[in-house]
Amino acid sequence: MRYPSLFAPLDLGFTTLPNRVLMGSMHTGLEDRARDFDKLAAYFAERARGGVGLMVTGGFAPSMAGWLTPFASRLSMPWQVAPHRRITRAVHAEGGRICLQILHAGRYAYHPLSVAPSKVKSPITPFTPRALSARGVERTIDDFVACARKAQDAGYDGVEVMGSEGYLINQFLAERTNRREDEWGGSVENRQRFPVEIIRRMRAAVGRDFIIIYRLSMLDLVERGQAWDEIVALAKKIEAAGATLINTGIGWHEARVPTIVTSVPRAGFAWVTRRMKAEVRIPLVTTNRINMPEVAERILAAGDADMVSMARPLLADPEWVRKAREDRVADINTCIACNQACLDHVFENRRASCLVNPRACHETELVIAPATVKKRIAVVGAGPAGLACATTLAERGHAVTLFEQAGEIGGQFNMAKRIPGKEEFHETLRYYARRIERDGIELRLGTRATPEQLQGYDEVVLATGVTPRAITIPGSERPNVVSYVDVLLHGASVGARVAIIGAGGIGFDVAEFLVEPSPSPTTDVARWTREWGVDMTLGARAGLAKPAPEAPAREVWLLQRSPGKPGKRLNKTTGWVHRATLAAKRVTMLGGVSYERIDDEGLHIRAGDEARVLAVDTVVVCAGQEPNRALHAAFGGDAARVHLIGGADVAAELDAKRAIEQGTRLAARL
Ligand code: FAD
Ligand code: NAP
Ligand code: SF4
């Protein structure tokens with residue numbers, strides 16, 4: 001057994017978990033309407049079948065006031081119990097265990113009924129909450145307890161009480177949001193009374209043999225958050241009040257320190273749970289950026305935690321646990337922590353999925369069934385679209401030939417993986433390489449497919465990607481004007497002062513590539529926490545220290561023609577991290593720019609009425625892309641047999657999420 005600690009059973013007294021993997025709570029968008037519960041049941045059942053020890057649902061509010069958004073998930077009425085049995089039965093039928101998460105949004109609620117300990121508006125919602133009266137606080141505790149009882153009636157194995165991430169309970173705990181002067185505010189003792197009473201009364205109501213997980217905010221990462229000694233005292237009280245497990249929460253949603261994005265080092269916050277280990281006796285769960293078995297094993301073997309929580313990695317691969325147990329780690333489809341299809345969707349009120357696994361949360365709709373008629377299929381281009389398509393086709397039993405003109409698979413991912421903080425993209429390529437080998441795909445590397453080579457196939461899929469858009473201004477033919485492909489793939493030399501033309505996702509990535517030292521801080525927890533201002537000694541309140549970014553490797557200007565500050569169109573939950581990273585590296589970001597010419601002086605631009613010369617050594621062009629459809633034209637009208645996917649289909653606003661989903665969906669129906 002390669003991961004003995006990960007697969008050691010965990011005895012909770014009244015039940016024994018088969019391994020140390022907790023599937024952490026993650027809202028999918030299927031929780032909000034009972035009519036979606038069959039889909040939710042299929043989603044959880046698939047993960048239970050994959051062997052995960054214990055799962056937690058997305059958050060359910062214990063009252064209307066606790067809703068995240070109007071009509072969002074809630075378990076507070078008797079008639080809301082029965083639909084949940086579809087979920088618990090499906091999970092139990094697969095031998096799994098599942099807890100319901102109880103989440104009261106407090107002032108993070110996106111509706112006018114919101115309540116909080118005090119009338120303090122959050123910076124991330126437009127609504128000012130009403131301060132709960134003392135009776136209101138009592139009623140809210142009752143709501144939590146009643147919700148747990150209903151979860152028990154619905155067949156759940158337990159509940160998780162959400163006490164972190166800046167939601168209602170966390171709001172009671174911190175001076176930042178609790179300005180009360182009654183028995184629920186003021187002293188530490190008073191601020192901590194709310195969660196302690198919830199757990200104490202809940203345990204009395206549900207009896208001994210029911211799991212209660214308390215998600216404890218171990219690091220608030222906001223001004224006037226909790227001090228470490230307060231958090232330790234709370235953990236001890238929560239244990240005494242009857243919790244079964246304590247899970248780790250890191251950072252409020254309004255914190256300015258990233259906690260889960262791909263540039264956070266793997267297991268970047270396990271050190272916080274380790275500090276708590278000496279303080280309590282009940283099992284502790286650690287979390288954040290744990291995505292591969294060796295990382296989990298290392299934490300558990302070192303005794304830093306008793307379980308690891310993973311949510312997104314189990315979205316990416318429902319069989320993660322089974323593959324780890326069977327020592328098939330190369331088969332794991334690794335979560336790259338991009339947030340693009342999971343959290344970004346949730347924050348946009350869309351159903352979650354996964355960039356590397358479009359079946360996630362669509363298990364009943366995107367079915368990969370064996371093909372009834374086995375065909376010979378050629379796929380041209382081994383970028384994300386072609387890889388997803390070819391491997392899914394082969395999984396269904398088709399005979400697949402995959403043509404790739406480069407010497408390696410991956411397409412643009414071979415550039416993405418070189419960006420500091422995007423090292424996880426290597427994992428996706430490792431996963432596809434393994435599937436190509438396992439599923440018997442004939443891979444022709446270094447082969448630029450021609451129409452002649454593609455004769456005789458039953459179907460032809462063109463996944464030939466994009467070509468970078470060139471710019472044509474006076475001087476753009478000079479040798480110091482290069483494209484992002486030259487820089488990222490071909491090692492073009494870049495001077496100390498650089499202008500980047502185009503500030504989309506690639507412009508931002510190239511800027512990070514040029515300013516970050518190598519290796520990047522992502523590979524080192526101590527360097528990364530220093531950069532972002534996290535106090536690893538835990539001496540400072542809420543874990544906040546002064547950020548100390550390392551010096552930039554170059555002086556960079558990042559430019560766009562559209563008005564406004566660059567970076568507005570970056571992804572919802574990660575864009576701010578990219579903007580903050582470049583600001584810390586003193587990158588000058590300019591919008592509303594027109595490009596005049598490039599000469600010996602540098603890049604001449606006009607910003608508003610002002611003409612400027614940026615005295616740069618190198619200009620890197622990141623001005624978007626055009627579809628590469630050269631082959632398609634050669635097939636004329638043979639549309640039934642020839643299919644375009646990914647960037648070859650539509651280059652505008654293309655990302656790997658669309659490329660992989662389109663490739664998978666086409667393969668599921670051919
Ligand atoms: P491509 O990846 O362009 O692949 C096309 C492939 O076809 C290439 O390998 C090419 O060599 C091959 N090919 C072309 N013609 C032929 C032929 N005639 N014969 C054989 N082979 C041929 N997306 C995200 O979602 N998230 C990110 O964080 C992200 N970061 C990125 C960072 C960088 C630096 C870059 C450059 C891109 C990033 N992207 C990201 C974009 C993402 O990589 C693309 O959307 C995705 O690769 C498009 O996939 P594709 O398969 O359509 O095309
Ligand atoms: P993009 O987001 O479309 O950005 C292209 C940039 O070039 C824009 O800033 C555009 O803005 C500028 N531009 C367009 N035509 C130009 C011209 N003729 N001359 C000068 N400037 C021009 O495309 P991208 O940055 O190349 O990225 C491609 C795709 O990869 C994106 O859709 C993105 O989703 C994906 N990607 C995602 C991530 C991620 O982290 N999620 C990272 C990298 C890439 P102006 O016209 O205002 O100048
Ligand atoms: Fe992980 Fe990205 Fe998939 Fe979310 S979308 S589960 S972050 S790979």
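Student: How many residues surround ligand 1, and which are the closest?
Tutor: This is a predicted model. In it, 37 residues surround ligand 1. The closest are Gln340, Glu404, Lys422, Gly647 and Ala656.

Student: Which polar backbone atom is 2.9 Å from an oxygen atom of ligand 1?
Tutor: That one belongs to Gln412.

Student: And what about Ala449 and Ala463?
Tutor: Both use backbone N or O atoms. Ala449 lies 3.0 Å from a nitrogen atom of ligand 1. Ala463 lies 3.4 Å from an oxygen atom of ligand 1.

Student: How much of ligand 1 does the protein bury?
Tutor: The protein buries 92%. That is a share of the 1,000 Å² that ligand 1 exposes when taken alone.

Student: OK, ligand 2. Which residues are the closest there?
Tutor: Ala503, Arg561, Ser562, Asn571 and Leu654. In total, 23 residues surround ligand 2.

Student: What does Leu654 do at ligand 2, in terms of atoms?
Tutor: A backbone N or O atom of Leu654 lies 2.9 Å from an oxygen atom of ligand 2.

Student: Where do Gly505 and Gln625 come in?
Tutor: Gly505 has a polar backbone atom 3.2 Å from an oxygen atom of ligand 2. With Gln625, the side chain takes part: one of its N or O atoms is 3.4 Å from an oxygen atom of ligand 2.

Student: And how much of ligand 2 is buried?
Tutor: The protein buries 78% of the 890 Å² that ligand 2 exposes taken alone.

Student: New topic. What domains does the chain have?
Tutor: The assignment gives domain 1 as 10-333. Domain 2 is 376-467 + 626-669, and domain 3 is 470-516 + 552-623.

Student: How far apart are the C-alpha centres of domain 2 and domain 3?
Tutor: They lie 30 Å apart.

Student: How many residues are in contact there?
Tutor: Eight from domain 2, with 10 from domain 3.

Student: Why talk about area for an interface?
Tutor: Because the size of an interface is often given as the accessible area lost when the parts come together. Here, domain 2 and domain 3 bury about 860 Å² between them. Carbon and sulfur atoms hold 67% of that.

Student: Which residues of domain 2 lose the most area to domain 3?
Tutor: Met415, Ile419 and Pro420. Together they make up 58% of what the domain 2 side buries.

Student: How many salt bridges cross that interface?
Tutor: Two, by the rule used. The rule also finds two residue pairs in polar contact across it.

Student: What sorts of residues touch domain 3 from the domain 2 side?
Tutor: Three nonpolar, two polar and three charged.

Student: Last one. How do Glu653 and Arg569 meet?
Tutor: Their side chains form a salt bridge, at 3.5 Å from N to O.

Key: Residues are numbered from 1 along each chain as its sequence is written. Chains are lettered from A and ligands numbered from 1 in the order in which they are written. This is a predicted model: local features need pLDDT of at least 70, side-chain atom pairs count only at pLDDT 80 or more; totals for chains, interfaces and linings use all residues. Side-chain values use heavy atoms; hydrogens and water are left out. Domain bounds come from an automatic or database domain assignment. Contact means heavy atoms within 4.5 Å. Buried area is the accessible area (1.4 Å probe) that two parts lose on being put together, summed over both. A salt bridge is a side-chain nitrogen of Lys or Arg within 4 Å of a carboxyl oxygen of Asp or Glu. A polar contact is a pair of N or O atoms within 3.5 Å; within protein, one must be able to donate a hydrogen and the other to accept it, and residues adjacent in sequence count only if both atoms are side-chain atoms. Ala, Val, Leu, Ile, Met, Phe, Trp, Tyr, Cys and Pro count as nonpolar, Asp, Glu, Lys and Arg as charged, and the others, Gly among them, as polar. A residue is near a molecule or strand if one of its heavy atoms lies within 4 Å of it. Accessible areas come from the Shrake-Rupley method with a 1.4 Å probe; for residues, only the protein chains shown count as cover.
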